[in-house]
Amino acid sequence: MNVRLNPSPQDLLTNRLQTALAATPHVSAVPQSAHIGALIGGVDLSQPLTPAEVHSIRSALLRWKVVFFRDQHLSHEQHVTFARQFGELTIGHPVFGHVEGHPELYSIAKHRRANSHGSEPERRPWTGWHADVTAAHNPPAASILRGVTIPPYGGDTQWTNLVAAYEALSEPLKAFLQTLRGEHRFSPPPGASPTAEYLELIKNNTLVSEHPLITVHPETGEQVLYISPGFLKSISGLRTRESRVLLELLWEHAVASEFTVRFKWEAGSIAFWDNRSTAHVAPQDIFALEYDRQLYRSTLVGQVPVGADGRPSTAVQGDPVLAAHGAAY
Ligand SMILES: O=C(O)CCC(=O)C(=O)O
Ligand SMILES: [Fe+2]
């Protein structure tokens, strides 16, 4: 038996999940890989959840970083009602807008404006990987993505566990990273020639923040390699090449397949991820297929991240991402 005097954060999260599931025996949480992802069964998300069910789902989310549901054919209203049981919702997207009539929903369409980078960007192993809206001072705590139109094959999404990635680094590198912060902003991927519309949108809604490279998760106490590849542009205080080479090392490490899970969507599937401890990548293979793909996303309002040194992130430009009902739309 594995008896530890000082339980790790993961041991505590596992215990919390087991206790929660014991109180909701009809709910199951089946891990999908060693480090990340659990498939939740036994709940009907079109109906109000009991507090115990909410606690079980939240406990599974904190332990496994992304939870999946199948056969939940929700309307936009039901999606919003489900998400609200876990926190306040942001406006659909602070830069790219929201679904008409549904201020809390963002359309993840195959040809959405956020993808209108024009020509093909330079492709590197971490290209496309990101955590949602980390250019904001308070990036969303979690995202809830619902599949509606799904290709018969292709179009899988992948997530990586940035706590597991951090833990796998050497102690001297961890100690160094704890002293660093980096600038996150919206800008087109390297090598892309973005459309005028894309540039206009990011210019009119400029969001820039400096976040610690290592954050402390506000609910689990875990340390996170907080390096959203799509948004993090440079490490403050380092020379250009020092910053780029170190970031490339960290990004390559963070997206290694051992820390990831890959989800095959069906209509009615839902993925609910902790945006503070993961990064994810949207599929590229759908552009080689004729099939359409349409999903809808809501995001929970997040707090300002805090570093392992106790220093919170700083806003450089733009407003915090508030609850949708407080936003002007
Ligand atoms: O299309 C996908 O699978 C994921 C898109 C994405 O990045 C998101 O929903 O935040
Ligand atoms: Fe995303």
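This is a predicted model: local features need pLDDT of at least 70, side-chain atom pairs count only at pLDDT 80 or more; totals for chains, interfaces and linings use all residues.

Colleague: What is the phi of Asp71 near?

Modeller: Its phi is near 55 degrees, which is a positive value in a residue other than glycine. For background, most residues other than glycine have a negative phi.

Colleague: And which value does the phi of Val133 take?

Modeller: Val133 is not a glycine either, yet its phi is positive, about 50 degrees. Val133 sits in the loop between strand 4 and strand 5.

Colleague: Buried or exposed, that Val133?

Modeller: Val133 counts as buried because it has 25 C-beta neighbours inside 10 Å.

Colleague: Where is Pro121, by the way?

Modeller: Pro121 is placed in the loop between strand 4 (106-109) and strand 5. With 16 other C-beta atoms within 10 Å, Pro121 is partly exposed.

Colleague: What does Pro121 touch?

Modeller: Leaving out residues up to four places away in sequence, Pro121 touches Thr127, Pro189, Pro190, Gly191 and Ala192. Take Pro190: it is 69 residues apart from Pro121 along the chain, but their C-alpha atoms are separated by 6.0 Å.

Colleague: Nice. Switching topic: how do strand 1 and strand 2 run, and how many bridges join them?

Modeller: Strand 1 (residues 28-31) and strand 2 run antiparallel, joined by four bridges. One pair to look for is Ser28, which stands opposite Gly41 in strand 2. The two strands make a hairpin with six residues between them, and there Gly37 has a positive phi near 100 degrees.

Colleague: Which residues are on the covered face of strand 2?

Modeller: In strand 2 (residues 38-41), Ala38 and Ile40 are on the covered face, while Leu39 and Gly41 are on the uncovered one. As a general point, side chains in a regular strand alternate between the two faces of the sheet.

Colleague: In what sense does strand 2 pair with strand 3?

Modeller: Strand 2 and strand 3 (residues 66-69) pair in the parallel sense, over two bridges. Leu39 stands opposite Phe68 in strand 3. From strand 2 the chain crosses through helix 2 (residues 51-64) to strand 3, a β-α-β crossover that is right-handed.

Colleague: What order do the four strands of the open sheet come in?

Modeller: The order is 11-7-8-16, with antiparallel pairing. Strand 11 (232-235) and strand 16 (314-317) are the edge strands, each pairing on one side only. From one strand to the next, the twist averages 30 degrees.

Colleague: How many bridges are there between strand 7 and strand 11?

Modeller: Strand 7 (residues 181-185) pairs with strand 11 over three bridges. For instance, Leu232 in strand 11 is the bridge partner of His184.

Colleague: Last one: what surrounds ligand 1?

Modeller: Ligand 1 is surrounded by Ile108, Asp132, Ser143, Leu145, Thr157, His280, Ala282, Pro283, Leu295 and Arg297. Strand 5 (142-149) and strand 15 (294-300) are the elements that give two or more residues to this shell. By class, the shell has five nonpolar, three polar and two charged residues.

Technical notes. Residues are numbered from 1 along each chain as its sequence is written. Chains are lettered from A and ligands numbered from 1 in the order in which they are written. A residue is near a molecule or strand if its C-beta atom, placed from the backbone, lies within 6 Å of it. Ala, Val, Leu, Ile, Met, Phe, Trp, Tyr, Cys and Pro count as nonpolar, Asp, Glu, Lys and Arg as charged, and the others, Gly among them, as polar. A residue is buried if 20 or more other C-beta atoms lie within 10 Å of its own, exposed if 12 or fewer, and partly exposed in between; C-beta atoms are placed from the backbone. Two residues are in contact if their C-beta atoms, placed from the backbone, lie within 7 Å. Two strands pair if DSSP finds at least two bridges between them. A crossover is right-handed if, with the strands pointing away from the viewer, the path from the first strand over the helix to the second runs clockwise. Axes are lines fitted to C-alpha atoms, for helices over the stretch in contact, and angles run from 0 to 180 degrees between N-to-C directions.
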